[in-house]
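Here is a short briefing on one protein chain. Look at the model first, then read the points below.

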Amino acid sequence: MNILNELTVHQFVTRLLMMLVVTAFYGAWISLLATWLDDKRPQREGHLSLNPAANISYGGLAMAVLFSHGWIRPIRLSAASKASQMLRILLIILIGSAVALITIPILDILRPYIHQALSRTSGYYVLYSVQVIQEQMLGLVLISLVPLPGFLAGNLWRIILPKSDSKLIKFEPLCLSLMIIILILGWFPDTSQLLKMLHLI
């Protein structure tokens, strides 16, 4: 990944639009899962919506356009002081990430039907858009699993330090800025092989 890689207007617009789709799905899904597991905080903070604006992070959107690896607005879970609450946070992180990753092979299953249903020109663009969604979904999930404040797995600190919510929130901008630097410098691991493993075709 190199910031000097040239993006065509076509690639720029497609990555931008598809990241909005990914943002809407991922934010709403994680919030819905949290609600099912009796954590209403993401819903109270406005994440339970298919409107991309509810979950958009402009820094994460920019990185997704440039590097196909971005993130959404921080989803904060309720602090955990009991074993059941700790388990809830773990389940939200693990199940949420697993289901998001499953969308990659599911989209592969839909590819032949998309190809048959659309004309050659429109079909090509939609199939390319599907590919972009798959790349961005993988990048989003992997970054969300970084155990730092601002990312989904950063909620693990709400298990370790259940009374430090305000301090964790203060660290979010620093951690997000650090991720921007990592991506720009090309220090984030190459995910192409993992993406190949998730593909069905």
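What covers the buried residues of helix H3 includes H1, helix H5 (120–144) and helix H7 (165–184). Buried means under 20% relative accessible area, exposed means over 50%, and partly exposed lies in between (1.4 Å probe, protein chains only). Helices (H or I, at least four residues) and strands (E, at least two) are DSSP runs, numbered from the N terminus. The model is predicted: local features need pLDDT of at least 70, side-chain atom pairs count only at pLDDT 80 or more, and totals for chains, interfaces and linings use all residues. Residues are numbered from 1 along each chain as its sequence is written, and side-chain values use heavy atoms, with hydrogens and water left out.

**Helix H3**

- H3 spans residues 58–67.
- Its buried residues are Gly60, Leu61, Met63, Ala64, Val65 and Phe67.
- Ser68 follows H3 and has a positive phi, near 65°.

**The whole chain**

- The chain has eight helices and zero strands.
- The radius of gyration is 17 Å, close to the 17 Å that the globule rule gives for 201 residues, so the chain is as compact as a globular protein of that length.
- That radius is taken over C-alpha atoms, and the globule rule is 2.2 Å times the number of residues to the power 0.38.
- The C-alpha trace spans about 55 × 35 × 30 Å along its principal axes.
- Buried residues make up 45% of the 201 residues.
- Take the contacts (heavy atoms within 4.5 Å) with a separation of 6 or more: residues 24 or more positions apart account for 72% of them.
- The chain exposes about 10,600 Å², and carbon and sulfur atoms supply 69% of it.
- Accessible areas come from the Shrake-Rupley method with a 1.4 Å probe; for residues, only the protein chains shown count as cover.

**Helix H1**

- H1 (residues 9–36) has 28 residues.
- From its first C-alpha to its last, H1 reaches 41 Å, close to the 40 Å expected at 1.5 Å a residue.
- The expected span is 1.5 Å times one less than the number of residues.
- Just after H1, Asp38 takes a positive phi of about 70°.

**Regions from the UniProt record**

- An unreviewed UniProt entry places the feature "transmembrane region" at residues 12–36, 56–75, 87–107, 137–157 and 169–188.
- UniProt positions use the numbering given here, feature names are shortened, and annotations may be inferred rather than shown by experiment.
- Over residues 56–75 the chain is 50% helix and 0% strand, with end C-alpha atoms 11 Å apart.
- Over residues 87–107 the chain is 100% helix and 0% strand, with end C-alpha atoms 30 Å apart.

**A buried glutamate**

- Glu172 sits in helix H7.
- Glu172 counts as buried because its relative accessibility is 6%.
- Leaving out residues up to four places away in sequence, Glu172 touches Pro74, Arg76, Pro149, Gly150 and Arg158.

**Aromatic pairs**

- Rings of Phe, Tyr and Trp (its six-membered ring) pair if their centres lie within 6.5 Å; planes under 30 degrees apart count as stacked, over 60 as edge-to-face and the rest as tilted.
- By this rule there are two aromatic pairs.
- Trp29 and Trp36 have ring centres 6.0 Å apart and planes at 75°, so the pair is edge-to-face.
- Trp29 is buried at 14% relative accessible area, whereas Trp36 is exposed at 58%.
- Trp71 and Phe151 also form an edge-to-face pair, 6.0 Å centre to centre with 85° between the planes.
- This pair links distant parts of the chain, 80 residues apart: Trp71 is in the loop between H3 and helix H4 (83–117), and Phe151 is in the loop between H5 and helix H6 (157–160).
- Trp71 is buried at 2%, and Phe151 is buried at 3%.
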